Amino acid sequence: MNALAVLYGGALQKAAYNPVFSGKQAVALALERGRSFPNTQKTVLFLGDEHQPPADTSQSYEIIRDSGWTKKKLLDTLARLSEGFDLTYFAWAD
């Protein structure tokens, strides 16, 4: 099985960037967990234009930015990205 993990961070609060467990940011921990979902081959982080990626850049993931995520944009992007995958995981990035 070939899976895609998508984490939505289009409306992250500043607290998502605060160090929590082991000094890592909540958004970085969410990415780690998303990458560990069964059979995940690709991980994507949706961010708003005003948000920064997590400080820990040791992880391999794609960032897709939008200045104003709407339900339609979100679903259209998910549909496009999920082509070729058997399964798509969707989770919040914080």
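Select K24 and E32 to begin: their side chains form a salt bridge, with N and O 2.5 Å apart. A salt bridge here is a side-chain nitrogen of Lys or Arg within 4 Å of a carboxyl oxygen of Asp or Glu. K24 is partly exposed at 30% relative accessibility, and E32 is partly exposed with a relative accessible area of 30%. For these labels, buried means under 20% relative accessible area, exposed over 50%, and partly exposed in between (1.4 Å probe, protein chains only).

Before moving on, note that this is a predicted model, in which local features need pLDDT of at least 70 and side-chain atom pairs count only at pLDDT 80 or more, while totals for chains, interfaces and linings use all residues. Residues are numbered from 1 along each chain as its sequence is written, and side-chain values use heavy atoms, with hydrogens and water left out.

By the salt-bridge rule the count comes to 4. Two further ones are worth a stop.

Select K42 and E62. Their closest N and O atoms are 2.9 Å apart, in a salt bridge. K42 is in strand β2 and E62 in strand β3, so this pair ties together parts that are 20 residues apart in sequence. Helices (H or I, at least four residues) and strands (E, at least two) are DSSP runs, numbered from the N terminus. K42 is partly exposed at 31% relative accessibility, and E62 is partly exposed at 30%.

Now select K72 and D76. This salt bridge has its closest N and O atoms 2.9 Å apart. Both residues lie in helix α2 (residues 71–81), 4 residues apart, which is about one turn of the helix. K72 is exposed, with a relative accessible area of 57%, whereas D76 is partly exposed at 43% relative accessibility.

The last stop is H51, in the loop between β2 and β3 (62–66). Is H51 buried or exposed? H51 is buried, at 7% relative accessible area. Show its neighbours: leaving aside residues up to four places away in sequence, H51 touches G9, G10, A11, L12, Y17 and R65. To finish, display the backbone oxygen of L12, which the side chain of H51 reaches at 3.1 Å.

Note on methods
Polar contact = N/O pair within 3.5 Å; in protein donor to acceptor, adjacent residues only side chain to side chain. Contact = heavy atoms within 4.5 Å.
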